[in-house]
Amino acid sequence: MANIKSQKKRIKTAEKARMRNRAYKSQLKTAVRRVREAVAAGDQELAQQKANYACRLMDKAVTKGIIPKNQAANRKSGVQKMVNKMGE
């Protein structure tokens, strides 16, 4: 454990941020899983709705600094490809 007061505070705030980020990342994974489930069920309209929601969450995660911009772009691309393949 740190002895310096500012470092003690930094440890606490870093832990809070870590827990917040972990919760948000879990929410992202759940959203993508729901897209996959809708694709597997064959419901294109529902899959598109879930994909839109997942993309919104990813954009928010980028603005909050939880995931990098390019990672969000790659994930959004992958999610949308899954949905688009249903229409073929």
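Predicted model: local features only at pLDDT ≥ 70, side-chain atom pairs only at ≥ 80, totals over all residues.

Guide: Helix α1 covers residues 5–41, and helix α2 covers residues 44–63. The angle at which α1 and α2 pack is about 160 degrees, and their axes lie 8 Å apart. Because an angle over 145 degrees counts as roughly antiparallel, α1 is roughly antiparallel to α2.

Now for the side of α1 that takes part. Tyr24, Gln27, Leu28, Ala31, Val32, Arg34, Val35, Ala38 and Val39 are the α1 residues that meet α2. Across from them, α2 brings Leu46, Ala47, Lys50, Ala51, Tyr53, Ala54, Leu57, Met58, Lys60 and Ala61. By residue class, this contact holds 15 nonpolar residues, one polar and three charged.

Next comes the partner α3, which spans residues 69–87. Here α1 and α3 pack at about 15 degrees, with 10 Å between their axes. That angle makes α1 roughly parallel to α3. The crossing of α1 and α3 is left-handed. On the α1 side, Leu28, Val32, Val35, Arg36, Ala38 and Val39 make the contact, while α3 supplies Arg75, Val79, Met82, Val83 and Met86. This contact has nine nonpolar residues, two charged and no polar ones.

Terms used: Residues numbered from 1 in each chain as written. Heavy atoms only, no water. Axes fitted to C-alpha atoms, helices over the stretch in contact; angles between N-to-C directions. Helix = DSSP H or I, 4+ residues; strand = E, 2+ residues; numbered from the N terminus. Parallel < 35°, antiparallel > 145°, perpendicular 65-115°, else oblique. Left-handed = near helix turned anticlockwise from the far one by under 90°. Contact = heavy atoms within 4.5 Å. Nonpolar A, V, L, I, M, F, W, Y, C, P; charged D, E, K, R; others polar.
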